Amino acid sequence: MPTVNPSNQPHHYDVCNGDADGLCAVRQWRLHAPAEATLVTGLKRDIALLERVAAEPGDEVLVCDIALARNRAALERLLARGVRVRYFDHHASGAPLVHPCLEAHLDAAPDVCTSVLVDRALGGRFRAWAVVGAFGDNLGSVAERLAATLNLERARIDALRRMGEAINYNAYGESAHDVLIHPAQLYALMARYEDPFAMLAHEPVLQALDAQRANDLAHAAELAPYWQDARGSVVLLPDAAWSRRIMGHLANQLANQEPQRAHALLLPLPKTDAADAAWRVSMRAPRTAPQGAADLCSRFGGSGRAAAGGIDRLPQDSFEDFLRAFAAMRWGA
């Protein structure tokens, strides 16, 4: 039987994806329930984060925007120790998990992100941050609906969109050397402000991210699809820091520009003595039929949600199999 933390003061951990959705979800909750917490986050592909949490019985863990399916074993170990966990997520979660120490807010619907789930739980109390998170997660129509309840002028809504896209863009990279600022450092800046508009007014890093993103997009504009038909498009990115940074934002941009197509972006991973050559994949289902991305990615060892997914490592010898599966996919089925 686990013994309760002897100090009688639980330690708090905030565990989240380092993209806009994860960071904005945590920001909302900590405005609602202020506490000194240890932040555990990383770049976009850093998903198996719960295994880094050394919580004791009686401690409290807030989890936002990391797939339960990828963190189930670590979650079960924490719960068995008597750690209380509050879990918000919109990715495929696998079999239901019920435990007296677990409060789960899980919804994999294609028009939901984690910031929206926290917004629901808090009755919209810090909705401007939810708008930032939804825009960053490429849920533009959802973000617009939320913003409409705040009676914001068009220019202010557009400012929240740019902010969400900039924060989200910053989460992509192979290592901290690729990004302008580590997500943990970016969250430390976010945590200074109750209002995202105040952050926009006082933190020049957001403008710096926007400028870098525009430069990376200019490089991406020179790329042509490797394969394309009426239902899908595949783009092969070069092995470069700019392509590693822009991968997620470019996938969202292509999905918005060509909503009838699915989009897959493949980034080469370097061959090492320990591993053969492989690809990293970022995928978007068609905006007009936003179902199937997670299912297809899972066939090749990846994960995601209905409208978007990814594969951390697609072996080179699976490249043609992936292209065939992508071309044959019945999106929205």
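Colleague: What is the volume of the largest cavity?
Modeller: The largest cavity has a volume of about 350 Å³, a volume being the space filled by probe spheres set on grid points joined across faces, edges and corners. A cavity here is a set of points, on a 1 Å grid over the protein atoms alone, where a 1.4 Å probe fits but cannot get out, and lining residues have an atom within 4 Å of a point. This is a predicted model, in which local features need pLDDT of at least 70 and side-chain atom pairs count only at pLDDT 80 or more, while totals for chains, interfaces and linings use all residues. Residues are numbered from 1 along each chain as its sequence is written, and side-chain values use heavy atoms, with hydrogens and water left out.

Colleague: Which residues lie nearest its centre?
Modeller: Of the 27 residues that line the largest cavity, K44, H91, G304, G309 and G310 lie nearest its centre.

Colleague: And which element gives the most to that lining?
Modeller: That is β11, with five residues in the lining of the largest cavity. At least two residues each are supplied by β9 (278–284), β10 (303–304) and β11 (308–315), where strands (E, at least two residues) and helices (H or I, at least four) are DSSP runs numbered from the N terminus.

Colleague: How does the lining of the largest cavity divide by class?
Modeller: The lining of the largest cavity has five nonpolar, 13 polar and nine charged residues. Ala, Val, Leu, Ile, Met, Phe, Trp, Tyr, Cys and Pro count as nonpolar, Asp, Glu, Lys and Arg as charged, and the others, Gly among them, as polar.

Colleague: What about open space, and which residues lie nearest the centre of the largest pocket?
Modeller: P110, N138, L139, R287 and A307 lie nearest the centre, out of 17 lining residues. The elements that give two or more residues to this lining are α5 (140–148) and α10 (241–257), and α5 has the largest share with three. The largest pocket has a volume of about 220 Å³, a pocket being an open set with protein on both sides within 12 Å along at least five of seven lines.

Colleague: Switching to helices, at what angle do α1 and α3 pack?
Modeller: Helix α1 (residues 20–32) and helix α3 (residues 114–121) pack at an angle of about 15°, with their axes 8 Å apart. Axes are lines fitted to C-alpha atoms, for helices over the stretch in contact, and angles run from 0 to 180 degrees between N-to-C directions. The two helices are therefore roughly parallel to each other, the term for angles under 35 degrees.

Colleague: Which residues of α1 meet α3?
Modeller: A20, D21, C24, A25, Q28 and W29 in α1 meet T114, S115, V118 and D119 in α3, where contact means heavy atoms within 4.5 Å. The residues of this contact divide into five nonpolar, three polar and two charged.

Colleague: And where α1 comes up to α7, how do the axes cross?
Modeller: The axes of α1 and helix α7 (residues 183–190) cross at roughly 35° and come within 11 Å. L23, C24, V26, R27 and R30 of α1 make the contact with P183, L186, Y187 and M190 of α7, and its residues divide into seven nonpolar, no polar and two charged.

Note on methods: Angles under 35 degrees count as roughly parallel, over 145 as roughly antiparallel, 65 to 115 as roughly perpendicular and the rest as oblique.
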